[in-house]
Amino acid sequence: MVLVSGTGTNLGALLEASADGRWGAAVVGVVSDRADAPALQRARDAGLPAEVVALRDHPDRAAWDAALTEAVVALAPDLVVLAGFMRLVGPTFLGRLGGRVVNTHPALSPSFPGTRAPADALAYGVKVTGATVLLVDEGVDTGAVLAQVTVPVHDDDDVEALHERIKSAERPLLVDVVGRMARGGWSTSPDNPRKVLLP
Ligand code: GRF
């Protein structure tokens, strides 16, 4: 299942991959924290369950965390993919689903964590940035890295141009990692728990 907050181009790439049985995974449902996320329409167009669990509809973060957890657990997913989900998941969520929650982040972790990564990379003046697919832990983009791809920064980039270039590389990376995890599982190196091995 896939968690989204925005336009859902990463979700779109996962849905496209689902159509090919050789990919080894299938999207079973989509949950968003935003009722106005265009990604929800992509899910509905694909005939998938699409649910909204908004923070403002709950008395506090703990109640939202519990409701989000229930919505995801109800779909019985093998893997949870955060594809442009712009909130931190909470302790209840990680207690139930931790270890099989994957996020995609538009920077080369551990550089530029958080929700403004392309802007932060531009402001820093780096010449190369990229995307990281990582396991989710309780920190902000601090989980173990599953895969990364580099993307050049151009002298005339603005945030939008840079983010679009990153997203063009990010989508195939996410599709590749999710497929590999679904087909062959994953393991952790015995000598380094941060080193995740994909088939
Ligand atoms: C992606 O770059 C993701 O890494 C970031 O937000 C963007 C979401 O794009 N957190 P989309 O909604 O999948 O088009």
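The lining of the largest pocket draws at least two residues from each of helix H1 (9-18), strand S5 (101-105), helix H5 (117-124), strand S6 (128-135) and helix H6 (159-184). Helices (H or I, at least four residues) and strands (E, at least two) are DSSP runs, numbered from the N terminus. The model is predicted: local features need pLDDT of at least 70, side-chain atom pairs count only at pLDDT 80 or more, and totals for chains, interfaces and linings use all residues. Residues are numbered from 1 along each chain as its sequence is written, and side-chain values use heavy atoms, without hydrogens and water.

A pocket is an open set of points on a 1 Å grid over the protein atoms alone where a 1.4 Å probe fits, with protein on both sides within 12 Å along at least five of seven lines; lining residues have an atom within 4 Å of a point. The largest pocket has a volume of about 640 Å³, the space filled by probe spheres set on the points, which are joined across faces, edges and corners. Of its 35 lining residues, Gly84, Phe85, Met86, Asn103 and Thr104 are the closest to its centre.

Strand S5 is largely enclosed by the rest of the structure, because 5 of its 5 residues are buried (under 20% relative accessible area, 1.4 Å probe, protein chains only). Val101, Asn103 and His105 lie on one side, and Val102 and Thr104 on the other.

S5 runs parallel to strand S4 (residues 80-82), with 3 bridges between them. S5 and S6 run antiparallel and are joined by 4 bridges; here histidine 105 stands opposite threonine 132.

Conventions
Buried < 20%, exposed > 50% of the residue type's maximum accessible area, 1.4 Å probe, protein only. Pairing = 2+ DSSP bridges.
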